[in-house]
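Here's a quick tour to read alongside the structure. Keep the 3D view open and follow along, one topic at a time.

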Amino acid sequence: MSDAGPTNGLPPALLALEDGSVYHGLGYGAAADMAGEIVFNTAITGYQEVLTDPSYRGQIVLMTAPEIGNVGVNPQDFESSRAWCAGFVVRNLSPRVSNWRSEGTLHSLMVQHGVAGITGIDTRAITRRLRIGGVQRAVISRNVADAAAAVSRARNHPSLEGRDLAQEVSTPLSYEWTEGLWKAPGSKAVDPPVRHHVVAYDYGIKRGILRHLRHNGCRVTVVPAKTSANAVLAIKPDGIFLSNGPGDPAAVSYAVEAVRQLARSGTPLFGICLGHQILGLALGGKTYKLKFGHHGANHPVMDLATRKVEITSQNHGFAVDVASLQGKAVLSHVNLNDQTVEGMRHESLPVFSVQYHPEASPGPNDATYLFGRFIKLMDEQQRR
Amino acid sequence: MPRRNDIKTVLLIGSGPIVIGQACEFDYSGTQGVKALKEEGFRVVLVNSNPATIMTDPEIADRTYVEPLTVEILTKVIERERPDALLPTLGGQTALNLTVELAKAGVLEKFGVKLIGAQLGAIEKAEDRELFKQAMANIGLCVPLSGYARSLDEAKKIQIQLQADTGVGFPVILRPSFTLGGSGAAIAWNAAEFDAKMLWGLQQSPRGEVLVEQSVLGWKEYELEVMRDGKDNAVIVCSIENFDPMGIHTGDSITIAPAMTLTDKEYQVMRDAALAVIREIGVETGGSNIQFAVNPKNGDMIVIEMNPRVSRSSALASKATGFPIAKIATKLAIGYTLDEITNDITKETPACFEPTIDYVVTKVPRFAFEKFPGADPTLGPQMKSVGEVMAIGRTFQESFGKALRSLEIGRWGFDLDKVPPLDELKRAIAVAGPDRLWQLAEALRAGLSLDEAFTLTAIDPWFLTHLKTMVDEDDAARIQGKALLDDPVSLERRKRMGMSDRRLMKHAGVTEDDVRQARIRHGIRPVFKRVDTCAAEFDAKTPYLYSTYEGGSAADRAAEDEVRPTNKRKIVILGGGPNRIGQGIEFDYCCVHAVQALREEGFETLMINCNPETVSTDYDTSDRLYFEPLTREDVLEIIDAEKPEGVIVQFGGQTPLRLAVPLQKAGVKLLGTSADAIDRAEDRQRFGDLVKKLNLRAPAWGTAHGLGEAREIAERIGYPVMVRPSYVLGGRAMEIVHDASGLEHFVMKAFEASRRESLAGGGGSGDESAPILIDQFLRDAIEIDVDVVADGQDAIIGGVMEHIEEAGIHSGDSACALPPFSLSPEIIEAVKTQARALARELDVRGLMNIQFAVPRDGRGIFILEVNPRASRTVPFVSKVTGVPLAKIAAKIAVGKTLKEMGVREVVPNYVAVKEAVFPFVKFPGVDTLLGPEMRSTGEVMGIDRTFEAAFGKSQIAAGTRLPMPDGTLQSAFVSVQDGDKEAAVGVAKGLRKLGFRILATAGTSEYLRRAGVETEVVNKVREGRPHCVDRLLDGQIQLVINTTCGADAIQDSFSIRRTALMRGLPYYTTVSAARAAVGAIAKLSAGAMTVCSLQEFQSGK
C-alpha cells in the first residue's frame, strides 16, 4: 500500500476551453501548462490504460467516473512505455491508493511523463458542454491569475484535423513482441505455441493488442508507421496488422498508400481503430470527424453476421463514412447508439477491420473473438 | 426476437409479507413486471398475500389474488385461471421456491404452464450448493471449499481437509442445512468453539446436517448485476463493492456503487466470470446477481453465490444506475432481446449497453435491535437489518455523508452519543455491530492508525482513508466553532464532503437555519444533476435527480444545474425514508397513491425519498424524482429550486410529519390537514381538551417529566398503566406496567426513547427533556381501528376494523378484521359517529386514523389515539373495500371534495383479516410475546366469505401451519392465566370437537376438566421432566395456546413460545386469537379452501 498523500495541499489550477469557459480546480501531475483537444471518456475502470494509450496523443482526457487514482498504477497495466496524453481531468483525485498490484500513484506517473492534471472540477458540466457543442481545444494551467491567456492559448492550439500524430508515437525501430495476456491469480491459462507470424504496424499500438495476438499463437514483429509495403511483404508474414493510433487518418497518407498495396497482396490483414480508418481510406472510402467521438467501455456494437451485440471499448474521434464504402467494402459491425460504422470487411480479399477495441484494455472482453477471426484467415490462407 | 405469441396469460407470484431479507424491493420489481406485461398486451394473473403492495392494486393486474402463497393455493389459482406461462423471477426467494415446488408436484405440467425467465434446471443449479459447486468447477471458477457433515467426527475430518487445502485452520463457517429462514449460521474461531457450535448446528438442522465451509472472512466482497437475453446478449448493469468485507451479510453491509478498488484487469476478470456463471447456470433471459469475494492480499477470487432472479441488490442497482432491471427482465422473458428495447432515460439508445455512472452511490442498512431486547446485535452471515437508505453524491464522501443523514437515527454525521475509551472502541469494531461505522469513526478520531483499523476491521484502506479525512474535517469544524459562518472556503469544502447543516450547526453552536442562511449569503448552494445511465454522453429525458455541491459562482451553478424546472402546477410529496418497524411499505403505498392521484388531477408531482427499495423511488412513478435525504436542509433546497405550489406531508408516516413544522416555519405551504390539527391530536394536553370538548372519553392520563412525577401519576390513575414516550413511532419503548415495582425501569427507557426521538427527525426540537406519557391501561378490552377520510365538510368512514388481540398489543402487531366480526351494530355506529365528530372538529382534510378500546365489561367506548394522517391500515382498507383512500385524500389536499368525487362508504359483504408477520426467527433468544411495542415487519391478508375462513387464510399466509384434522391423533397444548380460564373452555371444547387431544398444565387442566373438557396433564417447565417443551420437541403437539400475566409467568413460558417458533408451530398468546384459530380450523377442515380474485370480490361477483 502506498499513499498518494493528501489532496488538499495541491496548488490551484484551471482548465480553459476555447469557447471561453474556465473551470477552477487543483493541479496535480506535471506542473507544466498543457494544451490539447479535450475529450471525455466514460469508462469507470482503467485510467492507467487510458493514460498510457498512444491514441490519446495530443489530447486532454476527462474521466467521467468521479473517483480516480484509487488503485494507483502498476507495471502490468501499461498500454505502452509511457503516458501520452497532454492532460488528465478528474472530479476527485484519490487521496489513497489501495490495490494489491499497485506500485505507484497516478500523480507520480503523470509527473514522470509530463502530463498535467486538474482535479476537483465539475467534470459532468464539461462533459455536457462537449456533448452539446462538440470537441474543443483546451488548456490546463497553473497560472490561475490569467484565465484569458489560457483561453487564448486554447484557441491558438492546432486542431487535430489534418495532423499526423502517428509518427510521433510510433516505434523508431522494429521489434519482436513475445508477452501473452495478464493472468489473474490462480488462472491456469497458458499462451499457446506460436503458429503464425504477424507484422504489426505501430501507429500508436496498444500492448493489449500485442498480448492478444501472442495469446492467439502469433509471433509479432512490430514495425514503424512509415515502413513500406514492400519491406513488410519481404518478411513474408502470415498476417498483417494495422494498429490504433492518434490523430487524423487522412493525414497519414504514407500509411494509406502502403495499406492499399498490402490489402491487395492477399495476405490476411486486420485493422483496429486508426488502422481501420486507414484501411477505409485505402479501399477508397472517406473518413470524417465525429462531434465528440466515442471514448468509453460500454458502447453496444452489433455483429451483422450473427446479429449478436457486444459491449465494446472505444476510443476514436474520427469515423469511416458508411456511404463512401458502397461497393468497396461490406459493413460488418454497426454501433447501436448512433449507427456509425464499427467494422467492415473486403468482399473477396482476406481483409477486415473494426473501429473499436477488441483488445479492450480497458473495457469488456466481448470482442476478443475477432483475433480468432484473424487467425482463421491466416489458417485458411496457409491451407491454400 | 420479437414478442412471443404463444402466450396469452402470464402468472406472477409476489414475495408475500415484508420480512427481514425480503422487503418492498419485490413490490417495486413486481409492479414493474406486471406493468411491462400489460403494456405488451398480456393478461396478467397475480398472487401475493401482501395487501400493502402497489402490485396488488386491482387496476395493476387483470386478476389479483391476495391469497396465501402455498402450493395448494397456487394450484387452485392455476386451475381457475389457466395461465400459459409463469414468470417466477420477480417475487424473491418465495416465488422461486414455490415455482420449484409447483414444478416438482407436477402442477405446471398438468396445466400446461410454461416457465419463462428461468427454467427449473437453472433454478436448481443456482440454488443447490452441490450442483452450483459442480457448475462453477465446469467453468474453472472457485467457490469456498466445503463439505457436509452429519456428525462431529465427520465435521472434524472436513475441517482438517480445509486446513490442508487452504492453509487456514480457523475460522470456519458452519451452516446448518434446511433451517427456517437460513438461520443458525455460525462462525467457529477455534477448535473448542468448533465442537460446541457444530453440535448445536447438528441439533438445529431438521436433517441433522451442517455444511462446514472455508471462511473467507475479511476478503473484499463484490456483486455484479447481470442481464441476459434469449439471443445470448449479456450485459453488466452495475458493480457494487461492499464497505464491510466478507463475513457480514450483504444486506447488512454498507455498499458502494460502482466498485472502487478494482483495476480494469481485475474488474474484467470478474465481469467475464459473471457472464460465464449466468451462461453455465443457464438463466436464459433476465437478471441475476452474482457475488464474489476477492483476497485483498493477492487478488484470488471466488464465487460466493448467484441469484437467478431479481433481488434486493438488483433493485439497488436499478436505482443506482437508472437501468430498470425488473422491467427489462420481464420484456426479455416474453421474447424481446436487449437491442430491441429502448433505454428509458435517453429514449434514443438501446438497453443493450452497460450503464456508466459519474457519481457514487452509498447504501447504508438500518437496524432495529432496540425492538428486540436480548437479540444478539453482532452482524454476521445472517441478515438482521430491516431497511436501508441510498444516497447519491459526486464523490464517495459526499454520497456517504448524505447516506448517514438519511438514516433518521438521530445522527447527523459521526456523532456517537457516548464515546467509550479507545480500547473499548477497538474491541467493538473488531466485532461488527449496527454502530460499527460510528465506533470506527470515533476510534480514528481518538488516534487509531489506519493500519490498525484495517487489521481490526479488514475494511479497505481506501475507505478508511476517506473516513479519516471526514473525521478530521469534523474535528476541524468543531475547533473552528462559530467562525465557520464567516469562512465560505471551509463551509463549501465541508458541504462538498457531505457534512450536514445540522452537524455544522452543532459545531458552530448556532441554529440550523443560521448555517443555511450563511450558505445562502455566501452562495454555497447545491446543484441538481441527473441520473442518466451514460455519464452525460446522451441527453437525459427522464428527470431523476440528486443534489451535489460543485462549487463555482452562481452563474457557473446555473449553467451546471440540470433541474430544468417547468412552469406547470406542481406539488412535492415527501416519502417515508428507510423502512423500519412501524414505518414501512404501507406508507410508501400511500405516497405512490398520492402521486398517482395528483397526476390524474393534472399536477406535476415531485417525489423526494431516499429508500431504494420502494415503488416511490421508481423514476416512472412521479414526474420528477429527487433521490435525496428527507431532512429540512435537503428538502428546502429542492423547494427553492422547484418552487412548488405546496408540499404534502401526511402520507409518508412520521418522517415527513416531523418536517411539517420546520418547513412551515421556513415559509413552505403544507397541503391537507393543518399542522395545528396534527398538534392537537399529538399533544397530550390539547388532545385531552379535544376529547373533553366533544364529550368523548379517553383513558385517564398524565404527562411526566421525571420519575417522581411518573410515580404520582401512576398512583393517581391506578395500575396497570401504559408508559410511553411522546412523539414516537411503532410504540417504541411502550410498556404496560402492572405494579409500582416495574415502573422505574420502563419510565427510564421511555425517557431515553423520547429524548432520542426528538433528536432524530429533520424537524426534531432537539429537546433533551422530552416528557413521557402515562395512561390508564384498559384491561380486557376490544381494540378498534377506524380509518376516515374528510374534506372539511364531510367525513367518510373508510373502514372499521376489529382487532383479534385485545387492547394493549400494538395495533401494528395485532390481527384485525374488516368488517368487525363480534361488535354489536350499536358499538360500530357509535365509533363511526365519534370518528366523524373528531374529523369535523380537527378540520381534517385528508386521512385520519382513530384507535378505540371497548372494554368487555360495558364501560363504554374509549379513544386511545387519533392520528390525522395516513395510517398503516390504509392500504389494507383500500384493498378490501376498493375505495382508494390515499388517492381521495390527495385530491382533497388540492381542493376536491368528497361530494364531487362521489365517495361513499363501502362495507364489504365478505371478510378480510390482516395478520402481522414477525422476524423472531432471525433473533434467537428473543421473547415472542406481543405487547404495546410494535415488532412486526410485515403483514398478510386473508380474504373470504366468512370471518373464520378469512382468519384461517391469514394464518396460513403468515406462515403458520394450522393443523387440519387428518385422521391422526393431534394435540393442542393449553395453558392459560386465571383471567382467561373461563374463556378458554369454549376454545378447548371446540378443539375436542375437532378431535384434538388437550394437553394442559395442572391449573388449566383442572379448570377445563371441571367444565367437562377431557384433558391430559403435562408438566410446566419448572415442574420436572418430561415437561411441555419436551413434548413440543418430541413433535407431539401441533398447536399451542399459552396466555400469561406477570413477569414471572412470562419468563416461565418463554421457552414454550421460543420452541413453538423454532418448530414452526402455531402458537397463540391471547384467548381471542386462539378462538379465531379454532374457528378457522373448523371452517377450513369442513370444506375445501377456495380462491377468489379481488376484482371479483369488489365487483360483487
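**A hairpin in chain B**

Let's start with two neighbouring strands: β13 (residues 286-294) of chain B pairs with β14(B) in the antiparallel sense, over six bridges. Keep in mind that this is a predicted model.

More on the hairpin:

- Strand β14 of chain B covers residues 301-307, and it's mostly tucked away, with five of its seven residues buried.
- If you want one specific pairing to look for, find N289(B): its bridge partner in β14(B) is N307(B).
- Six residues sit between β13(B) and β14(B), and in this hairpin G299(B) takes a positive phi near 80°.

**Chain A as a whole**

- Count up the pieces of chain A and you get 10 helices and 19 strands.
- Its radius of gyration is 20 Å, close to the 21 Å that the globule rule gives for 384 residues, so chain A is as compact as a globular protein of that length.
- Along its principal axes, the C-alpha trace of chain A spans about 65 × 45 × 40 Å.
- Buried residues account for 61% of the 384 residues in chain A.
- Take the contacts in chain A between residues at least 6 apart in sequence: 78% of them join residues at least 24 apart.

**The sheet in chain A**

- Chain A has an open sheet of 10 strands with mixed pairing, in the order β10-β12-β11-β13-β14-β19-β18-β17-β15-β16.
- β10 (175-177) and β16 of chain A stand at the edges with a single partner strand each, so one side of each has no neighbour in the sheet.
- From one strand to the next, the twist averages 25°.
- Inside this sheet, β14 (residues 269-272) and β19 (residues 351-354) of chain A run parallel and are joined by four bridges; one pairing to spot is I272(A) with V354(A) in β19(A).
- Helix α9 (residues 274-282) of chain A packs on the sheet, touching several strands, including β14 and β19 of chain A, and its direction makes about 120° with that of β14(A).
- Helix α6 (residues 207-215) of chain A lies across β10, β11, β12, β13 and β14 of chain A, at about 150° to β12(A).

**Where chains A and B meet**

- Here, 49 residues of chain A are in contact with 52 residues of chain B.
- On chain A's side, α3 (123-133), β15 (287-303) and β16 (308-320) each supply at least two residues.
- The largest share of that side, six residues, comes from α3(A).
- By type, the residues on chain A's side divide into 19 nonpolar, 17 polar and 13 charged.

How values were computed: Residues numbered from 1 in each chain as written. Chains lettered and ligands numbered in written order. Predicted model: local features only at pLDDT ≥ 70, side-chain atom pairs only at ≥ 80, totals over all residues. Rg over C-alpha atoms; globule rule 2.2 N^0.38 Å. Buried ≥ 20, exposed ≤ 12 C-beta atoms within 10 Å, placed from the backbone. Contact = placed C-beta atoms within 7 Å. Pairing = 2+ DSSP bridges. Nonpolar A, V, L, I, M, F, W, Y, C, P; charged D, E, K, R; others polar. Axes fitted to C-alpha atoms, helices over the stretch in contact; angles between N-to-C directions.
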